[in-house]
Amino acid sequence: MRRLKNLHYGWIVAAITFLTLLAAAGVRSTPSVLMVPLEDEFHWSRATISGAVAVNILLYGLIGPFAAAIMERFGIRRTMVCALTVIAFGVALTPLMTQPWQLILFWGVIVGCGTGVTAMVLGATVVAHWFTERRGLVMGILTASTATGQLVFLPMLASFAEAYGWRSVSLTVAGVAAVMVPIVAIFMRDRPGDVGLRAYGEPEGVEPPVKVTGNPAARAINALIGGFRSRDFWLLAGSFFVCGASTNGLIGTHLIPACIDHGIPEVTGASLLAAMGIFDFFGTTLSGWLSDRWNNRYLLAWYYGLRGLSLLFLPFSFDLSFAGLSLFAVFYGLDWIATVPPTVRLATNAFGKENVGIMFGWIAAAHQLGASFAAFGAGLLRTDLGSYTQAFMISGCLCLGASIMVLFIGVKRGEGKGRLQPVAHAAE
């Protein structure tokens with residue numbers, strides 16, 4: 001098992017992680033397909049449905065740092081199997097619901113907790129354990145699984161919802177999560193030492209990290225308390241809050257309903273999100289490659305700035321028919337989640353390899369807090385004002401602010417005139 005045709009087992013672990021994140025991406029993209037069908041069948045308001053999605057997104061983020069601590073304590077494989085089982089169970093229950101509180105319980109709480117384990121923190125933990133070289137590239141590929149999940153699932157799920165009803169969508173997604181359980185149980189491994197290897201690219205003589213013991217919850221809370229004392233933590237968490245508010249919380253949840261508001265069919269809207277997934281796959285993978293080579297602060301500044309401009313353009317693109325939305329899909333899609341690899345790299349620089357899983361978990365929690373805020377806030381604005389325009393414009397302005405904020409990550413105040421100087425590091 002040590003090698004498969006001279007292939008380091010870390011690449012097999014990365015492939016299993018990619019498939020798991022891809023399945024989780026399919027689960028997380030489902031609410032955008034279900035929103036209008038649930039509204040039509042149960043006559044629930046857009047704000048009510050968005051509230052359940054907001055609970056899901058919030059728990060998806062808050063579970064992350066505790067999930068990282070649990071992975072360190074009990075192992076990645078065991079944690080992934082439990083999470084996928086919870087996801088399959090929660091999604092399978094949703095066809096039985098008849099009341100809004102059941103939507104909040106099944107989709108918001110149960111699925112939110114399960115997907116919180118199969119989140120970006122999973123990719124960061126796997127990369128930290130299994131790779132010394134090519135970390136940025138592997139993180140970019142794992143992050144791009146979200147885009148691939150959209151590409152694979154959204155058009156299919158939208159077609160199912162249109163042809164067979166929204167319940168078929170829930171059962172399909174639950175089945176995908178269930179299929180991943182035995183795959184993870186058989187092929188996943190926690191650390192290179194489990195198969196007699198070193199991390200990919202790790203030189204001889206480096207001692208493997210000591211296995212973590214103790215209470216995972218206490219370790220996660222202590223890491224957060226330590227993070228509060230770090231300016232870099234606030235800058236990383238603040239910028240990632242904006243990232244969440246401008247991606248899965250807003251576009252991932254509300255673009256399809258916004259398309260329907262403008263007379264664009266649901267399947268067409270889902271195809272737009274899938275098209276973004278195509279461009280995001282290449283953009284995020286390239287971002288991972290660049291994060292190994294270029295200044296990560298400058299990369300983030302460009303990403304947030306370009307995303308902000310694209311969101312400011314979005315309300316006007318509806319007036320340009322499908323061609324305008326296609327232009328938005330390309331421009332926005334290229335850096336949808338391209339922010340993740342540089343953010344992980346900067347977090348590793350700031351907090352160290354041994355702590356990056358938990359610290360990135362808290363940073364990712366800020367991401368999902370922003371996403372939850374945007375998911376509910378955009379639905380509320382749509383209910384009160386009858387349009388998503390204000391939500392898109394606010395999010396675009398937040399991105400422009402974040403593009404300035406990230407320039408100060410990893411920077412210390414120099415002597416003399418107090419001029420800001422970069423901390424010495426090859427790939428800040």
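**Figure 1. Methionine 139 in helix H6 of a predicted model.** At 3% relative accessibility, methionine 139 counts as buried, a term for residues under 20% relative accessible area, whereas exposed stands for over 50% and partly exposed for values in between (1.4 Å probe, protein chains only). Methionine 139 has its place in helix H6; helices (H or I, at least four residues) and strands (E, at least two) are DSSP runs, numbered from the N terminus. Apart from neighbours within four places in sequence, methionine 139 is in contact with Met120, Gly123, Ala124, Val127, Val340, Pro341 and Val344, where contact means heavy atoms within 4.5 Å. Asparagine 349 is 210 residues from methionine 139 along the chain, and the C-alpha atoms of the two are separated by 15 Å.

Residues are numbered from 1 along each chain as its sequence is written, and side-chain values use heavy atoms, with hydrogens and water left out. The model is predicted: local features need pLDDT of at least 70, side-chain atom pairs count only at pLDDT 80 or more, and totals for chains, interfaces and linings use all residues.

**Figure 2. Glycine 140 in helix H6.** Helix H6 spans residues 135–143 and contains glycine 140. Is glycine 140 buried or exposed? With a relative accessible area of 0%, glycine 140 is buried. Its contacts, leaving aside neighbours within four places in sequence, are Thr284, Thr285, Gly288 and Pro341. Between the C-alpha atoms of glycine 140 and alanine 25 the distance is 15 Å, with 115 residues separating the two in sequence.

**Figure 3. Helix H15 and its surroundings.** Residues 340–351 form helix H15, whose 12 residues reach 16 Å from first C-alpha to last, close to the 16 Å expected at 1.5 Å a residue; the expected span is 1.5 Å times one less than the number of residues. H15 is mostly covered, with nine of its 12 residues buried. These are Val340, Pro341, Pro342, Thr343, Val344, Leu346, Ala347, Thr348 and Phe351. After H15 comes glycine 352, which has a positive phi, near 90 degrees.

Figure 4. The structure holds four cavities of 30 Å³ or more. On a 1 Å grid over the protein atoms alone, a cavity is a set of points where a 1.4 Å probe fits but cannot get out, and a pocket is an open set with protein on both sides within 12 Å along at least five of seven lines; lining residues have an atom within 4 Å of a point. Grid points are joined across faces, edges and corners, and a volume is the space filled by probe spheres set on the points. For the second largest cavity, the volume is about 120 Å³. Its lining has 13 residues, with Val127, Arg135, Val344, Arg345 and Thr348 the closest to the centre. H5, H6 and H15 each give two or more residues to this lining, and H15 gives the most, with four residues.

**Figure 5. The second largest pocket.** About 290 Å³ of space lies in the second largest pocket. Among its 14 lining residues, Leu286, Leu290, Tyr303, Leu306 and Asp335 lie nearest the centre. H12 and H13 are the elements that give two or more residues to the lining, and the largest share, five residues, comes from H13.

**Figure 6. Arginine 297 in helix H13.** Arginine 297 is found in helix H13 and is buried, with a relative accessible area of 4%. Its side chain reaches the backbone oxygen of isoleucine 409 at 3.5 Å.

**Figure 7. Serine 168 in helix H8.** Helix H8 covers residues 166–187 and includes serine 168. The 22 residues of H8 reach 33 Å from first C-alpha to last, close to the 32 Å expected at 1.5 Å a residue. Serine 168 is buried, at a relative accessible area of 17%; other buried residues of H8 include Trp166, Val169 and Ser170. Not counting residues up to four places away in sequence, serine 168 touches Phe160 and Ala161. A polar atom of the serine 168 side chain lies 3.5 Å from the backbone oxygen of phenylalanine 160.

**Figure 8. Confidence in the model.** The average pLDDT, the predictor's confidence in each residue from 0 to 100, is 82 for the protein, and 91% of the residues score at least 70. Over residues 414–428 pLDDT stays under 50, and the model has 32 contacts beyond four places in sequence for this stretch.

Technical notes:
A polar contact is a pair of N or O atoms within 3.5 Å; within protein, one must be able to donate a hydrogen and the other to accept it, and residues adjacent in sequence count only if both atoms are side-chain atoms.
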